[in-house]
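This briefing concerns one protein structure and is arranged by topic. Please keep the sequence and the model at hand while reading.

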Amino acid sequence: MRYREGGGLDTSHVQDRRGRGGGMGGGRGLAVGGGGLGLVGLLVVVLFQVLGGGGGAGAGVGLGALSGLGEGETADNSALEQSCDESGDANDSVECAVVADIDSIQDYWSQALDGYVATDTVFFSGQVQTDCGGATSGSGPFYCPADSLVYIDLTFFDTLRSQFGAEGGAFPNAYVLAHEYGHHVQNLLGTNQRVTPGEAGPTSGTVRLELQADCYAGAWAHHATTVPDETGSPLITEITQDDVDRALDTAGRIGDDFIQENLGGGTVDQDAFTHGSSEQRRRWFLTGYETGDPAQCDTFATDDLG
């Protein structure tokens, strides 16, 4: 995966709260789990809950996406702006690559979805306070519908390799971010309302929600090398078959069955599935990637999830 040299990067959709503190108090609900990423050593699932009876189009969008700071937290993007002022920096820096991914993903959705409302990604270290409650790095990347923000501790990409055994790389990292922005799209569309909080099982609404986010990530990836930024040129210039294979490797290692067998108790329990099996996650990412059409991502309209 390569990023364009000589272009600009927009850090305005990142809130850099690393090293800025943040408590672990309560919130108004629970977040959408980080694409099955949210457990390191223990099978802990962060479940989605429709907040305040809402969750429909535009729910939580607006001031929450602009403020989003817990008590005692501040965002300071000055260092990020200096280190990631040129798009070519993304070829040498994980944090700059994530900035470029966010720019590209939101450029895509602003063109693919009428009424798309951009939102921020929060960089945090260790723990963070959100409108969905407190979270730690062990939760993995996640999306909070209550404040319409994506949260990530960038050290999780190291965890994917060291504990999940993933091959890793820039494109798998981008897939992780695109999945979380898929949850933002679902929040804008009101898809969340189709899911019963706490529901689990291989055909549950929770699994369908997660597989659809995988498919949305694939749809962005299909267009990533052609979707223009504000200058009219794409930020991402190359995605190779090796990149795609690495993303599929990551998808396979964050399936419920893989996590239960390798990071949990060693027994696969389909009734506890909340994100889908490894095979399903690979299938739905590929559905989006091969078609490039979000309309093909309606996991709620099929009896065949894979």
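Which residues do ring pairs link into a cluster? Phe171, Tyr175, Phe285 and Tyr289 are joined in this way. The model is a predicted one, in which local features need pLDDT of at least 70 and side-chain atom pairs count only at pLDDT 80 or more, while totals for chains, interfaces and linings use all residues. Residues are numbered from 1 along each chain as its sequence is written, and side-chain values use heavy atoms, with hydrogens and water left out.

**Overall composition and confidence**

- The protein chain contains 9 helices and 8 strands, where helices (H or I, at least four residues) and strands (E, at least two) are DSSP runs numbered from the N terminus.
- Of the 306 residues in the protein chain, 56% are buried; buried means under 20% relative accessible area, exposed over 50%, and partly exposed in between (1.4 Å probe, protein chains only).
- Taking contacts in the protein chain between residues at least 6 apart in sequence, 78% join residues at least 24 apart; a contact means heavy atoms within 4.5 Å.
- The mean pLDDT of the protein chain is 85, with 82% of its residues at 70 or more; pLDDT is the predictor's confidence in each residue, from 0 to 100.
- Residues 21-30 have a pLDDT below 50, and this stretch has 35 contacts in the model beyond near neighbours in sequence.
- Residues 35-68 also stay under 50 in pLDDT, and the model has 107 contacts for them beyond four places in sequence.

**Packing of helices H5 and H6**

- Helix H5 (residues 170-189) packs against helix H6 (residues 205-223) at an angle of about 120°, and their axes are 7 Å apart. Axes are lines fitted to C-alpha atoms, for helices over the stretch in contact, and angles run from 0 to 180 degrees between N-to-C directions.
- The crossing of H5 and H6 is right-handed; a crossing is right-handed if the near helix is turned clockwise from the far one by less than a right angle, and left-handed if anticlockwise.
- Residues of H5 in this contact include Phe171, Ala174, Tyr175 and Ala178, and those of H6 include Leu209, Ala213, Tyr216 and Trp220.
- The contact of H5 with H6 comprises 12 nonpolar, 5 polar and 2 charged residues. Ala, Val, Leu, Ile, Met, Phe, Trp, Tyr, Cys and Pro count as nonpolar, Asp, Glu, Lys and Arg as charged, and the others, Gly among them, as polar.

**Packing of helices H6 and H9**

- H6 and helix H9 (residues 278-291) cross at roughly 35°, their axes coming within 6 Å, and this crossing is right-handed.
- Among the residues making the contact are Val207, Leu211, Asp214 and Cys215 of H6, together with Trp284, Phe285, Gly288 and Tyr289 of H9.
- By class, 9 nonpolar, 6 polar and 3 charged residues form the contact of H6 with H9.

**Aromatic pairs**

- The model has 7 aromatic pairs. Rings of Phe, Tyr and Trp (its six-membered ring) pair if their centres lie within 6.5 Å; planes under 30 degrees apart count as stacked, over 60 as edge-to-face and the rest as tilted.
- The ring centres of Trp109 and Tyr216 are 5.2 Å apart and the planes stand at 75°, so this pair is edge-to-face.
- Because Trp109 belongs to helix H3 (residues 94-112) and Tyr216 to helix H6, the pair ties together parts that are 107 residues apart in sequence.
- Trp109 is buried at 3% relative accessible area, and Tyr216 is buried at 7%.
- Phe156 and Phe164 also form an edge-to-face pair, with 6.1 Å centre to centre and 65° between the planes; both Phe156 and Phe164 are buried.

**Individual residues**

- Ile105, in helix H3, is buried at 0% relative accessibility. Not counting residues up to four places away in sequence, Ile105 touches Ala174, Leu177, Ala178, Tyr181 and Trp220.
- Ile105 and Ala174 are 69 residues apart along the chain, and their C-alpha atoms are separated by 8.9 Å.
- Ser148 lies in the loop between strand S6 (142-144) and strand S7 (149-152) and is buried, with a relative accessible area of 0%.
- The phi of Ser148 is near 60°, a positive value in a residue other than glycine. Most residues other than glycine have a negative phi.
- Gln82, in helix H2 (residues 78-83), is exposed at 67% relative accessibility.
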